[in-house]
Amino acid sequence: GRKLLLKLKDIMHTGAAIPFVTPDTPVLKALMIMSEKGFGMTTIQSNNQLLGIYTDGDLRRSLDKGIDIQQANVGDLMNIHPKKMPETTLAAEALKVMEQSKINVILVTDKNQQLSGIVKINDILRAGVF
């Protein structure tokens, strides 16, 4: 029954738990925030608007391309089309999308399409949704 009822808003991380930086943040500083928050990613925001996301995978791709992360700003390397789902989405549906997309974190939006939280795949699994 839990699988049929649990929504992203029930398990999402909100507020200060959400890692975020501005586009002009140096990549190395963004990496420190990513490590500190423990999600393997950070959102990039300006004036409370979501601009993109930077993940561990983006870091690997940046290094593979030979980008000097000592000099780069996260805004130059961010993914401007991150996966987002409404907070009313069933956790089971989000799990399916995350598995198909091979991602570990999904951004959660409110009814106004504003970022309201983030959910890790482990949050869904820990909640008993398989």
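I began just past helix α6, where Lys102 takes a positive phi of about 55 degrees. Helices here are DSSP runs of H or I with at least four residues, strands are runs of E with at least two, and both are numbered from the N terminus.

Some bookkeeping before going on. This is a predicted model, in which local features need pLDDT of at least 70 and side-chain atom pairs count only at pLDDT 80 or more, while totals for chains, interfaces and linings use all residues. Residues are numbered from 1 along each chain as its sequence is written, and side-chain values use heavy atoms, with hydrogens and water left out.

**Helix α6.** I looked up the buried residues of α6 (residues 91-101) and found Ala91, Ala92, Ala94, Leu95 and Met98. Buried means under 20% relative accessible area, exposed over 50%, and partly exposed in between, with a 1.4 Å probe and protein chains only. The arc is taken from the directions that run from the helix axis to the C-beta atoms. Lys96 and Gln100 are exposed on the other side of α6.

**Helix α3.** I then turned to α3 (residues 27-37), where Val27, Ala30, Leu31, Ile33 and Met34 are buried. Their arc is within 160 degrees seen down the axis of α3, so they line one face of the helix. Met32, Ser35 and Glu36 are exposed on the face turned away from that buried side.

**The largest pocket.** Lys102 came up again here: along with Thr55, Ile103, Asn104 and Val105, Lys102 lies nearest the centre of the largest pocket, which is lined by 23 residues. A pocket is an open set of points on a 1 Å grid over the protein atoms alone, where a 1.4 Å probe fits, with protein on both sides within 12 Å along at least five of seven lines; lining residues have an atom within 4 Å of a point. Which elements give two or more residues to this lining? I noted β3 (49-55), α4 (56-64), β5 and α7 (121-126). Helix α4 gives the most, with five residues.

**The sheet.** Last, I checked the open sheet, in which three strands follow the order β4-β5-β6 with mixed pairing. Two strands pair if DSSP finds at least two bridges between them. Strands β4 (84-86) and β6 (115-120) stand at the edges with a single partner strand each, so one side of each is left without a neighbour in the sheet. Five bridges join β5 (residues 105-109) to β6, and these two run antiparallel. I also noted Thr109 opposite Leu115 in β6.
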